[in-house]
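Let me put the model up, and then I'll walk you through it.

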Amino acid sequence: MSDKKGPADPAPGDGIRSMRTTSLFRAVNFELYAKPNAIIMGLGLTCLLGAMGYIAYMRSKYEDMGYYSAVQSDGTEVFTKKRSKWD
């Protein structure tokens, strides 16, 4: 009996890549077998944060103009202008 590991023997830390699976399973679950790409992850995170920042900016602009978000009876949210009872 030898201590050499063959190509089919999993090494510690191999994770799901060491399991025997079908090519269909690998095609459907591609993200389990692909190596993480830091550049793409950084671009995605930047886009997500940019979109969230833009939404927060637009919301604050509407609030500065005197609008507030009101929920109608059917559950939709609309921005309406603040009105005084004295007008």
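Predicted model: local features only at pLDDT ≥ 70, side-chain atom pairs only at ≥ 80, totals over all residues.

Residues are numbered from 1 along each chain as its sequence is written, and side-chain values use heavy atoms, with hydrogens and water left out.

How confident is the predictor? The mean pLDDT of the protein (the predictor's confidence in each residue, from 0 to 100) is 81, and 83% of the residues reach 70 or more. Helix α2, residues 30-33, has the lowest confidence, with a mean of 79, while α3 has the highest, at 93.

On layout, we have 3 helices and 2 strands, in the order α-α-α-β-β along the sequence. Those are DSSP runs numbered from the N terminus: helices are H or I, at least four residues, and strands are E, at least two. Of the 87 residues, 5% count as buried; buried means under 20% relative accessible area, exposed over 50%, and partly exposed in between, with a 1.4 Å probe and protein chains only.

Now α3. This helix covers residues 38-64, 27 residues in total, and reaches 38 Å from its first C-alpha to its last, close to the 39 Å expected, which is 1.5 Å times one less than its number of residues. At its start, a side-chain oxygen of Asn37 comes to within 3.3 Å of the backbone nitrogen of Ile39. Just after the helix, Gly66 has a positive phi of about 100°.

Which residues make the nonpolar surface patch? Leu45, Leu48, Leu49 and Met52 do, with about 410 Å² between them. One of them, Leu45, sits in α3 and is partly exposed, at 48% relative accessibility. And as a reminder, an α-helix has 3.6 residues a turn, so residues three or four places apart point the same way.

The structure has 1 salt bridge (a side-chain nitrogen of Lys or Arg within 4 Å of a carboxyl oxygen of Asp or Glu). Glu77 pairs with Arg59, and their closest N and O atoms are 3.2 Å apart. Glu77 is in strand β2, residues 77-81, and Arg59 is in α3, so the pair ties together parts 18 residues apart in sequence. Both ends are partly exposed: Glu77 at 47% and Arg59 at 34%.

Last, the strands. Tyr67 lies in β1, residues 67-71, and is partly exposed at 25%. Its C-alpha is 4.4 Å from that of Lys81, 14 residues apart along the chain.

Notes: Polar contact = N/O pair within 3.5 Å; in protein donor to acceptor, adjacent residues only side chain to side chain. Patch = residues over 30% accessible without salt bridge, like charges linked within 9 Å, V, L, I, M, F, W, Y side chains within 5 Å. Areas by Shrake-Rupley, 256 points an atom, 1.4 Å probe, with all protein chains shown as cover.
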